[in-house]
Amino acid sequence: MRVSPWRHLNKLRWVSLTLVFLMLILLPCIHVYQNLVAAHAYDLLPASDKTFYDVMERITDPFVTDPAKNLDKIKGTTWSGTFFGLRLSDPLAVVSQSAAALSVYWPFVVTALIPIALTLIFGRFFCGWLCPAAFLYELADKSATWLRKTGFPFAGDGKNFNPRFKYLVLAVSVIASAVLGTAVLAAIYPPAVVGRELYYTIAYSGAGVGGVYFLVTLLFDLLVIRRGFCRFLCPGGALYSLLGHYRLVRIQRKVEACDDCTLCNLECQYGLDPKRDGFGQECNNCSACIAVCPKDALAFTVRLRDAPYAGPGHLGAAYRRQRDKNATTKEGAA
Amino acid sequence: MKRRSFLMALAALAAVPARAAEPPKGTLRFLRPPGAVPESQFAETCIRCGQCGMICPNRAINYFGLESGLKALDTPYILPRQQACILCMKCGQICPSGALKPLVREAEDILAHVKMGRAQVDETLCLSFQGKTCGVCYRACPLQDVALRVGLLEQPHVMDGCVGCGLCERSCIQMPQAIRIIPHEYGA
């Protein structure tokens, strides 16, 4: 059996999601550690802080000579961060600020250019590859798949809703930002909330109202519609879907290799229809469908638009029936 | 249906009182980090990324929950009495949104652009004004003789150079503190 190298991308994606999430935990820990170092009072720390100090020292020691300076190199969250002098911001943060302030602050817009360029090429890849909230939603959905077997009433497939609703959420929150003069999007966009609340939990007294909000969205996913927030409500997902409409890199089905087994459709958490070439701008190039395809009939391609529906897979029963029927009618005509 | 719900949302938004410019609600008297844009523009400029707090070496920056109103949610603030600003200026340099101006740690830059508030001495509380020579606030001041000078018996006098970092309030040994920072939004 041929094994396509694309199959392993999904594992790489989980590595990426996990790394981003761990960074969101590590960076606040580094911040607290830096404060403890700056205080020059190791002996006076309570025992738990001493343990924390020792662990952080063990983790960071190979990389730093001066914690105050070296550990300042990476700061922030996926909403906006600084990486060895390179500032990166979520394009939605720029939209949010421009709407709230009713003006454009160009130095800030520049920090979103790399994410925008990547979104133009890879579509809403952020949602599948980096988003810390999607990491939790996806993990929750995976566990719900198991728990559903115990009879707990988690939302299953079947229920559907119009994915275009999230564009309305984006439009309304942009207008609300402008009317209220405050960053509404920063308060309702799950990855920004998750990054911030992890920071509050580690460096301050605990998560705030954002933590409650995130739990509500998680319950919405589990109890109302599967992966509902990302698919139908997320304003960031809406923005990246729009930017990624003509993305260069997209998944495509090879109709010759497909046997209509439907595993791809069952795997897709966004409820898309890879089996019938139905990807569209909603697809986040997560490659989960590629990983489950037993015939390696799905792969990444470079093209500006999805291929139109190419009919049933050539290895499937439907195609064979149709072909035999065509053959008999041809014989009959002859 | 889609269009109708959109129009209804618009109508609901129009009913919200338009962009008020007053300082956040609540009774908490707080400072913004150094180099912040005026309070009337802060909520709209700040994107709530949390980098200012994450880089603060003195852990002086806190974040609002809902206690000062929805508009101020997740914006940074400083309570000098708990932990004052040491004017290292790292927060302004890392702020991507322009809510905190990027300033260098030089007296000229700080004096020209940092306006967190202004110290105020309560002479009925201040030990030096009670004849018990103290001078702790003056020793703590990073801008001695520009922001704060002492007269007879170390009695502190606030000068026009005060930027409101709060190190004097943090250091005051009197309880309640005899010197405190009044934010500019409160008429200082």
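1. Lys50(A) lies over the face of Tyr42(A), at 5.7 Å from the ring centre, and the charged end of Lys149(A) sits over the ring of Trp146(A), 4.3 Å from its centre. A charge counts as over a ring if NZ of Lys or CZ of Arg is within 6 Å of the ring centre and within 35 degrees of the ring normal.

2. The model is predicted, with pLDDT of at least 70 needed for local features and 80 or more for side-chain atom pairs, while totals for chains, interfaces and linings use all residues. Side-chain values use heavy atoms, without hydrogens and water, residues are numbered from 1 along each chain as its sequence is written, and chains are lettered from A and ligands numbered from 1 in the order in which they are written.

3. Over all chains there are 22 aromatic pairs, taken as rings of Phe, Tyr and Trp (its six-membered ring) with centres within 6.5 Å, where planes under 30 degrees apart are stacked, over 60 edge-to-face and the rest tilted. Phe21(A) and Phe135(A) make a tilted pair, 5.0 Å centre to centre with 40° between the planes; Phe21(A) belongs to helix α1 (residues 9-38) and Phe135(A) to helix α8 (residues 132-148), 114 residues apart. Helices here are DSSP runs of H or I with at least four residues, and strands are runs of E with at least two, numbered from the N terminus.

4. Phe21(A) is buried at 13% relative accessible area, as is Phe135(A) at 9%, where buried means under 20%, exposed over 50% and partly exposed in between (1.4 Å probe, protein chains only).

5. Ring pairs also join Tyr199(A), Tyr200(A), Tyr204(A) and Tyr63(B) into a cluster.
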